2 protein chains.
Amino acid sequence: MSAKMQNENFMKEMEEVNDYTYIEGGVCAAEGFTASGLNCGLNSNPDKNDLCMIYSERPCVTAAVYTTNKVKGAPVIVTKRNLIKTGGMAQAVIANSKNANTCNADGEEKAERMCELAAAALGIKPEEVVVASTGVIGQILPMEPIEAHVEELAKGLSRDGNLRAVNAIMTTDTVKKEAAVTFKIGGVPCRLGGMAKGSGMIHPNMATTLNFITTDAAISQPLLQKALDEIVKVTYNCLSIDGDTSTNDMVCVMANGLAGNPLIDAEDEAYACIRQALYLVMRDLTKMLAKDGEGATRLITCTVTGAPDQDTAITVAKSVIRSPLVKCMIFGRDANWGRVLCAIGYAEADFDINRMEVDVESAAGKIAVCRGNALILPFSEEEAAKLLSEDEITVHVNLNQGEAKGTAWGCDLTYDYVKINGDYRS
Amino acid sequence: MSAKMQNENFMKEMEEVNDYTYIEGGVCAAEGFTASGLNCGLNSNPDKNDLCMIYSERPCVTAAVYTTNKVKGAPVIVTKRNLIKTGGMAQAVIANSKNANTCNADGEEKAERMCELAAAALGIKPEEVVVASTGVIGQILPMEPIEAHVEELAKGLSRDGNLRAVNAIMTTDTVKKEAAVTFKIGGVPCRLGGMAKGSGMIHPNMATTLNFITTDAAISQPLLQKALDEIVKVTYNCLSIDGDTSTNDMVCVMANGLAGNPLIDAEDEAYACIRQALYLVMRDLTKMLAKDGEGATRLITCTVTGAPDQDTAITVAKSVIRSPLVKCMIFGRDANWGRVLCAIGYAEADFDINRMEVDVESAAGKIAVCRGNALILPFSEEEAAKLLSEDEITVHVNLNQGEAKGTAWGCDLTYDYVKINGDYRS
């Protein structure tokens with residue numbers, strides 16, 4: 001356990017690794033993947049796509065994690081079932097926005113129908129399709145618009161379809177979220193890229209994020225699942241917009257092996273390479289999700305170091321990020337540091353509160369807030385106001401009682417969050 | 001354990017008990033208690049009190065519960081120490097608002113000084129004083145205003161001082177929160193009343209609520225503590241405004257025995273009587289706290305029945321009340337029922353999601369939302385809009401898998417919450 005934690009703490013930041021390079025292309029960055037997106041009519045705005053497809057020319061080893069909510073969207077249930085049926089193999093994704101196809105009596109039937117339609121258009125089996133939906137819960141999903149457009153969707157698949165695809169999964173998202181890197185495994189160039197949606201309702205365990213990641217590296221299914229599980233824990237699950245956990249979350253990684261590297265089937269250096277790539281892409285998508293939280297004006301990051309173990313580090317970091325009072329304080333640029341200490345203090349973890357050092361940092365500088373004994377140091381209000389006026393604020397907590405670390409990401413709580421969510425369905 | 005839970009579930013609502021009558025007087029409703037409040041200058045608004053005192057003419061058996069936050073306000077630490085020193089006896093309370101006296105290097109010293117000042121003015125021992133502070137964390141508490149006014153405060157003690165006292169502990173509270181009942185123990189009339197403050201930052205485990213309750217019933221200290229622990233669990237700890245848990249919370253109950261009832265020193269019928277009185281007063285204060293949440297426009301209640309055990313019932317009820325998306329939805333009068341099911345679904349408890357029935361009710365009527373299988377029933381938007389336009393909204397959840405029940409209280413999330421907390425210190 002402790003070896004594993006150490007391992008997880010070994011994820012390197014981009015600045016520390018030279019052999020990974022960001023590239024364009026999102027879910028189409030990896031060889032053999034094409035994507036497509038269009039407006040099929042679920043969304044009344046014809047300029048906004050609402051249906052997308054991702055396709056690999058070769059069947060993919062596929063790993064996924066799903067929402068832990070007891071109320072599960074029908075597409076989550078169907079995708080899970082499909083991947084069990086195929087032993088973790090898939091060749092395509094079909095996803096829609098505007099309607100979550102959740103809490104409806106005919107939900108599973110319709111999610112299965114979406115797989116059948118995609119499979120028929122692509123000449124694969126229905127169980128080789130990953131299906132996902134996001135949008136309003138509890139409204140009947142109209143199938144006609146989807147039925148009428150799947151052929152066109154499949155025909156539209158192209159190597160540069162990634163932007164049309166990501167546009168189709170956006171709901172209250174204000175920016176497209178894509179990231180991709182290239183790296184080498186045993187000298188062979190590989191690519192890994194992905195797209196994400198999610199804005200409100202995001203919390204530990206991912207709520208209403210859809211994430212599709214593709215790679216051309218060759219890796220065994222159990223190891224791909226293991227890497228995903230490890231990285232989800234330190235990326236998406238360290239994200240909090242509002243503390244709600246949705247019914248439809250899914251992170252899905254597909255690996256088609258077209259890069260031609262020797263199959264990764266042991267936890268060796270090659271495994272560490274692809275896991276690092278997955279970390280970089282998922283961490284970047286996580287930060288984009290945090291920054292684009294509903295109504296958000298600021299990205300808040302909390303780094304915790306010196307923790308007795310990684311779980312404690314993550315718990316403390318999330319507690320700060322999740323606190324509505326901290327979120328409002330940062331929105332209001334109000335240096336009410338007591339709220340930060342307060343949020344650390346109610347984190348449900350076992351540590352000594354009296355040894356911590358707390359700093360708040362932004363592009364404008366760094367302020368020492370606390371140096372032990374949970375006491376707040378004197379500070380310049382002017383300097384604090386300047387610091388808090390930046391778009392990205394980081395709270396650094398050093399618990400000074402161990403070697404473990406963790407980071408969580410979130411955003412401020414604003415009038416617009418309330419506005420968006422007071423009238424979401426219209 | 002299960003017998004105890006059953007017991008806790010036996011708390012009767014006011015409508016079901018004839019032998020309890022609401023009375024005026026708050027903390028002065030019980031015999032032998034006087035109170036006082038004034039503006040000593042901590043608050044620059046001379047019309048707002050900021051310092052108060054409660055006094056009993058006879059030493060009181062005293063029980064208390066405190067914040068579970070690791071960062072504890074100095075007054076919490078000092079009060080805890082005092083009550084240990086006296087074996088749970090106290091005769092007075094001194095409390096201030098505007099400054100939490102927390103996270104300051106000289107905090108404990110100053111909290112002790114407040115006890116000494118009160119004790120000197122009242123002719124009692126410093127350790128017989130309960131001290132509490134609420135307000136901004138991490139700002140040095142100026143002692144001069146308090147030193148200069150304690151004599152006047154003690155002189156001002158009177159049987160009708162309760163409103164001046166409750167005014168002094170209010171921060172962002174918009175209404176005074178008081179409740180009191182009279183009831184009989186073995187034919188002897190007794191009284192129990194209290195006052196509370198708290199508005200933002202209230203959550204399970206009470207954050208930034210101060211609650212002082214007084215009674216003239218005679219009861220042993222261990223049983224008073226037991227009754228308080230039991231009732232806190234089903235009242236204050238079922239309250240959530242924003243999910244933050246403060247550093248300075250305290251609920252303190254003082255019993256001076258002046259009613260003349262035979263001492264309650266066993267868990268008999270007399271014990272059940274006073275516990276019921278404590279429940280009614282604390283439940284009413286809890287509802288007042290919920291309704292007066294920062295920026296709140298609506299009281300949201302969630303009742304859970306048919307739960308396998310009380311912990312599950314409370315966990316589910318709190319999950320609904322705490323969800324920012326449910327809170328925004330109710331603020332926006334938007335019948336987005338999926339969010340309610342979603343919040344039930346991510347409650348961290350072990351139950352079968354497929355058996356539940358969910359209804360939403362207000363003075364305007366009742367709508368059946370779900371009848372098993374986590375599916376949302378068709379409903380009239382018009383009827384829903386009418387229902388949601390009322391000030392008090394109740395979500396009823398019947399899990400249909402046991403006999404236990406629980407209730408949680410909260411409020412909607414509004415623009416004003418963000419406004420108040422974006423600029424709290426000014």
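## A buried threonine in chain B

T407(B) sits in strand β15 of chain B, which spans residues 404-411. The model is predicted. T407(B) has 23 C-beta neighbours inside 10 Å, so this residue counts as buried; the cut-off is 20 or more.

Which residues does T407(B) touch, leaving aside those up to four places away in sequence? They are C238(B), T301(B), C302(B), T303(B) and A317(B). N256(B) is another matter. It is 151 residues from T407(B) along the chain, and the two C-alpha atoms are separated by 31 Å.

## A covered helix in chain B

Helix α9 of chain B covers residues 324-331. Is this helix mostly covered or mostly open? It is mostly covered, with 8 of its 8 residues buried. The buried residues include a charged one, K327(B). Also buried are P324(B), L325(B), V326(B), C328(B), M329(B), I330(B) and F331(B).

R333(B) follows α9(B). Its phi is positive, near 55 degrees.

## The mixed sheet of chain A

In chain A, 6 strands form an open sheet. The order is β9-β15-β11-β14-β12-β13, and the pairing is mixed. β9 (239-240) and β13 (365-371) stand at the edges. Each has a single partner strand, so one side of each is left without a neighbour in the sheet.

Inside the sheet, β12(A) (residues 357-362) and β14(A) (residues 392-398) run antiparallel. They are joined by 5 bridges. V358(A) has V397(A) of β14(A) as its bridge partner. Helix α11 of chain A, residues 381-388, lies across β12, β13 and β14 of that chain. It runs at about 120 degrees to β13(A).

## Two packed helices in chain A

Helices α3 (residues 107-122) and α4 (residues 144-155) of chain A pack at an angle of about 35 degrees. Their axes are 9 Å apart. The crossing is right-handed.

From α3(A), the contact takes in M114(A), L117(A), A118(A), A121(A) and L122(A). From α4(A) come I146(A), E147(A), V150(A), E151(A) and A154(A). By class, the contact has 8 nonpolar, no polar and 2 charged residues.

## The nonpolar core

The largest nonpolar core holds 302 residues. Which of them touch the most other members? They are M53(A), L341(A), M53(B) and L341(B).

In soluble globular proteins, nonpolar side chains tend to be buried together.

Conventions. Residues numbered from 1 in each chain as written. Chains lettered and ligands numbered in written order. Predicted model: local features only at pLDDT ≥ 70, side-chain atom pairs only at ≥ 80, totals over all residues. Axes fitted to C-alpha atoms, helices over the stretch in contact; angles between N-to-C directions. Helix = DSSP H or I, 4+ residues; strand = E, 2+ residues; numbered from the N terminus. Left-handed = near helix turned anticlockwise from the far one by under 90°. Contact = placed C-beta atoms within 7 Å. Core = buried A, V, L, I, M, F, W, Y, C linked by C-beta atoms within 7 Å. Buried ≥ 20, exposed ≤ 12 C-beta atoms within 10 Å, placed from the backbone. Pairing = 2+ DSSP bridges.
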